[in-house]
Amino acid sequence: MPKAKPKKNESTSDSDSGPDDRAPPPKKSKDTVDDKKGGNNNQWILEKQRQVRINEFRGKKLIDIREYYEKNGELLPGKKGISLSVTQWKKLLECADEINAAVQD
């Protein structure tokens with residue numbers, strides 16, 4: 001005969017608030033676009049909804065060049081964009097003069 005599995009909803013505690021040792025999840029900071037008032041030092045508006053921002057992912061800084069869209073009054077990142085590592089960004093800057101020359105032709 002198979003063993004009976006304990007029900008997940010059963011609790012020996014009288015409290016239904018959950019474990020006391022659980023820390024609340026960290027709040028995400030929302031970047032706001034406010035370039036006329038100084039705004040965030042880690043974001044630059046290229047045109048309309050295209051922006052460059054410095055983000056951090058898994059402890060690594062990324063230069064994020066992305067299109068944003070507005071939903072319910074909030075500016076959200078879209079799918080169109082690229083995130084470059086600091087090494088990739090520096091390599092791009094090294095190529096900037098050659099790229100500018102190619103654009104001029």
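The model is a predicted one. From the N terminus on, the order of the elements is β-β-β-β-α-α. The chain has 105 residues, of which 9% count as buried.

The four strands form an open sheet in the order β1-β2-β3-β4, with antiparallel pairing. Strands β1 and β4, the latter spanning residues 74–85, are the edge strands, and each of them pairs on one side only. On average, and with direction ignored, neighbouring strands of this sheet are turned by 35 degrees against each other. In general, the strands of a sheet pair through backbone hydrogen bonds, either parallel or antiparallel. Between the antiparallel strands β3 and β4, nine bridges are found. Within this part of the structure, L62 stands opposite S85 of β4. Strands β3 and β4 also form a hairpin with two residues between them, and N72 in the turn has a positive phi of about 55 degrees.

K48 is located in the loop between β1 (43–47) and β2 (50–57), and its phi is near 40 degrees, a positive value in a residue other than glycine. With a relative accessibility of 76%, K48 counts as exposed, because the cut-off for that class is over 50%. R58 occupies the loop between β2 and β3 (60–71). The phi of R58 is near 50 degrees, again a positive value in a residue other than glycine. R58 is likewise exposed, its relative accessible area being 75%.

Charged side chains were examined next. Side chains of opposite charge can pair when their charged atoms come close. In this model, the count comes to three salt bridges. One of them is formed by the side chains of R50 and E47, at 3.7 Å from N to O. R50 is partly exposed, with a relative accessible area of 39%, and E47 is partly exposed as well, at 49%. A salt bridge also links E67 with R50, the closest N and O atoms being 2.8 Å apart. Because E67 lies in strand β3 and R50 in strand β2, this pair ties together parts that are 17 residues apart in sequence. E67 counts as partly exposed, at 26% relative accessibility. A further salt bridge joins R66 and D64, whose closest N and O atoms are 3.0 Å apart. R66 is buried, with a relative accessible area of 13%, and D64 is buried at 4%; both values fall under the 20% limit that defines this class. Through shared partners, salt bridges join E47, R50 and E67 into one network.

R66, which belongs to strand β3, has a polar side-chain atom 3.4 Å from the backbone oxygen of K79. In strand β2 lies Q51, which counts as buried at 1% relative accessibility. The side chains of Q51 and R53 are joined by a polar contact of 2.9 Å. In a regular strand, the side chains alternate between the two faces of the sheet.

Q88 has its place in helix α1 and counts as partly exposed, at 44% relative accessibility. A polar atom of the Q88 side chain lies 2.8 Å from the backbone nitrogen of S85. Although Q88 and I63 are 25 residues apart in sequence, their C-alpha atoms are 9.1 Å apart in space. Helix α1, comprising residues 86–94, also contains L92. L92 is partly exposed, with a relative accessible area of 35%. Together with I99 and V103, L92 makes a nonpolar surface patch of about 250 Å².

Technical notes. Residues are numbered from 1 along each chain as its sequence is written. This is a predicted model: local features need pLDDT of at least 70, side-chain atom pairs count only at pLDDT 80 or more; totals for chains, interfaces and linings use all residues. Side-chain values use heavy atoms; hydrogens and water are left out. Buried means under 20% relative accessible area, exposed over 50%, partly exposed in between (1.4 Å probe, protein chains only). Patches are made of residues with over 30% relative accessible area and no salt bridge: like charges are joined within 9 Å, nonpolar side chains (Val, Leu, Ile, Met, Phe, Trp, Tyr) within 5 Å. Accessible areas come from the Shrake-Rupley method with a 1.4 Å probe; for residues, only the protein chains shown count as cover. A salt bridge is a side-chain nitrogen of Lys or Arg within 4 Å of a carboxyl oxygen of Asp or Glu. A polar contact is a pair of N or O atoms within 3.5 Å; within protein, one must be able to donate a hydrogen and the other to accept it, and residues adjacent in sequence count only if both atoms are side-chain atoms. Two strands pair if DSSP finds at least two bridges between them. Axes are lines fitted to C-alpha atoms, for helices over the stretch in contact, and angles run from 0 to 180 degrees between N-to-C directions.
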